[in-house]
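Thanks for asking me to look this one over. Could you open the model alongside these comments and step through them with me?

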Amino acid sequence: MPFKKVNIVSIFIILFCFVACKNNVESKTKAEETNETKSSLINSKPNIVVLLCDDLGYGDLSSFGHSIIKTPNLDKLAETGIKLTNFYSTAPVCSPSRAGLLTGRSPNKAGIYDFIPGLKKSPDNRDLVHLQAHEKTIPAMLKSAGYATCLVGKWHCSSRFNSNEQPQPDDFGFDHWMATHNNAAPSHKNPKNFIRNREKVGEIEGFSSQIIVSEAIDWLNAKKDDKPFFLEVTFHEPHEPIASPEDLVEKYLPQAKTREEAEYFANVENVDIAVGRLVKYFKENNMDNTLIVFSSDNGPETLMRYSRAKHSYGSPGALRGMKLWTNEAGFRVPGIINWLGKETFTGTTNNVVSALDYFPTFAALAGAETPSNLDGESFTPLLQTGEFNREKPLIWAFYDAINERRVAMRKGKYKIMARIEANGETLGKIHNLYDGNEALVKNAELVDFVMFNLEQDINESEDLKDKEPEVFNSMKLAFQKEYKKLLDESHIWVRAE
């Protein structure tokens with residue numbers, strides 16, 4: 001009997017150890033699987049698509065509150081992906097915004113302070129302005145990581161377009177490009193000013209948004225390798241001069257105050273239709289690892305700000321200001337992220353995200369090296385969990401702003417703004433920093449501060465600097481520090497003798 005008891009005890013001990021080990025192995029396996037699931041989101045190389053509108057307002061999509069314009073395809077991307085209610089462009093006007101997106105740095109550091117006009121020699125050296133060859137860009141970074149790259153749409157990062165005197169899109173890593181210098185001309189309908197890989201295309205029948213999506217699809221169809229791709233689609237719409245399909249215009253005429261307003265509404269929907277075509281192509285061709293990010297270069301144009309702005313019925317929503325303002329409507333724009341074929345966080349987020357963040361995020365996803373001088377931060381945690389705690393404040397210094405306080409900073413839930421004063425007077429509007437005004441701008445002071453809590457006051461109506469003095473003093477110190485750093489690193493244009 002003692003022998004049998006020992007045997008039974010031994011059997012129980014062995015069984016207990018076996019079950020415990022099995023459970024331990026299973027637990028470890030599940031933990032490893034969880035970690036692998038998280039890391040797979042980052043480690044796989046997705047196709048990356050940047051969709052960028054021109055002058056689209058914060059309130060111009062139905063998913064962002066427009067009561068008339070229909071944007072079902074973009075709404076679907078937001079519904080099944082991530083809707084960003086605190087997304088910021090890098091400037092309140094086109095050229096600097098595009099430069100900031102491409103480089104992941106404040107456009108002031110690239111020397112692009114305002115929109116780049118047609119080539120005309122000017123005393124402030126504005127005719128020299130262009131994205132310089134030494135700038136590191138998203139397409140070049142991704143190309144080095146094994147990506148095929150393509151740009152279709154609007155370029156607007158040089159004063160000498162399609163010229164050997166300044167770098168062109170292919171110099172910044174685009175394998176294939178078809179683009180215009182600035183706006184589609186003479187309008188969005190049947191444009192004549194596209195350049196494809198440095199060759200003039202001539203008149204193209206159709207509307208710009210559909211033309212560039214067709215070009216993108218043709219490029220993808222002709223692509224024979226299995227490389228992941230980076231595709232930047234920069235729509236001309238809804239920037240003037242606006243032209244829209246007549247059937248869409250007629251659809252909106254009963255609800256619009258004027259024909260011009262109906263043409264604007266139709267213009268936005270035509271972009272939505274083009275986006276729908278592209279997404280449908282991805283799905284039909286099993287491109288099920290494709291990250292899509294959508295936004296606008298800046299806020300909406302003001303109706304009749306200049307003579308041709310007769311269609312500019314864009315909506316800032318609840319935001320204060322418009323394009324060319326450093327109030328929220330100047331650079332707070334609709335943001336949407338959707339990763340086709342991947343499980344990510346889905347829903348609406350009020351985390352602060354910027355187009356500056358594209359570069360480090362895409363670098364992380366592609367396994368590429370991230371430059372140390374970027375102003376953006378990787379928002380990969382947002383893709384996984386819906387949380388993104390921004391560490392770097394966002395700062396804008398737009399010296400040609402319509403509003404008086406031309407320097408602004410967002411840090412956490414607060415925003416601080418200031419007027420620039422030189423020699424006892426408000427600094428006049430400036431299009432460019434060059435050796436003739438460098439000392440004036442750098443010796444000027446920030447004055448007349450205001451501070452807002454954007455979580456509670458989206459339209460910047462209540463100045464809190466006196467109600468929350470401790471927060472204000474902390475914000476002011478950080479603001480002055482960040483602005484000095486920005487000034488120190490801003491490019492100054494000097495004309496060679």
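The points below cover an annotated span, some backbone details and a helix pair.

1. Please keep in mind throughout that this is a predicted model. For the annotation, the unreviewed UniProt entry lists "domain: Sulfatase N-terminal" at residues 46–368. In the model, 28% of that span is helix and 18% is strand, and its end C-alpha atoms lie 13 Å apart.

2. Let's begin with the bond from Ala185 to Pro186, which is cis, with omega near 5 degrees. Where is Pro186? The residue lies in the loop between strand S4 (176–180) and strand S5 (195–196).

3. Another cis peptide bond runs from Glu240 to Pro241, here with omega near -5 degrees. Pro241 also has a loop position, between strand S7 (229–234) and helix H7 (246–252).

4. Now for phi. Arg198 has a positive value, near 75 degrees, although the residue is not glycine. Look for Arg198 in the loop between S5 and strand S6 (199–200). Its relative accessible area is 26%, so Arg198 counts as partly exposed, a class that runs between the 20% and 50% cut-offs.

5. Asp448 is a further non-glycine residue with positive phi, in this case near 55 degrees. Which element holds Asp448? The residue is found in strand S16, which covers residues 445–453. With a relative accessible area of 35%, Asp448 is therefore partly exposed.

6. On to the helix pair. In general, two packed helices are described by the angle between their axes and the distance between the axes. Helix H2 (residues 72–80) packs with helix H8 (residues 259–284) at an angle of about 55 degrees, and their axes are 7 Å apart. Why are H2 and H8 called oblique? The angle of about 55 degrees falls between the cut-offs of 35 degrees for roughly parallel and 65 degrees for roughly perpendicular, so the pair is oblique.

7. Which residues make this contact? From H2 come Pro72, Asn73, Leu74 and Leu77, while H8 brings Asp272, Ile273, Val275, Gly276 and Val279. By class, the contact of H2 with H8 has six nonpolar residues, two polar and one charged.

Notes: Residues numbered from 1 in each chain as written. Predicted model: local features only at pLDDT ≥ 70, side-chain atom pairs only at ≥ 80, totals over all residues. Heavy atoms only, no water. UniProt positions renumbered as here; feature names shortened; annotations may be inferred. Helix = DSSP H or I, 4+ residues; strand = E, 2+ residues; numbered from the N terminus. Buried < 20%, exposed > 50% of the residue type's maximum accessible area, 1.4 Å probe, protein only. Axes fitted to C-alpha atoms, helices over the stretch in contact; angles between N-to-C directions. Parallel < 35°, antiparallel > 145°, perpendicular 65-115°, else oblique. Contact = heavy atoms within 4.5 Å. Nonpolar A, V, L, I, M, F, W, Y, C, P; charged D, E, K, R; others polar.
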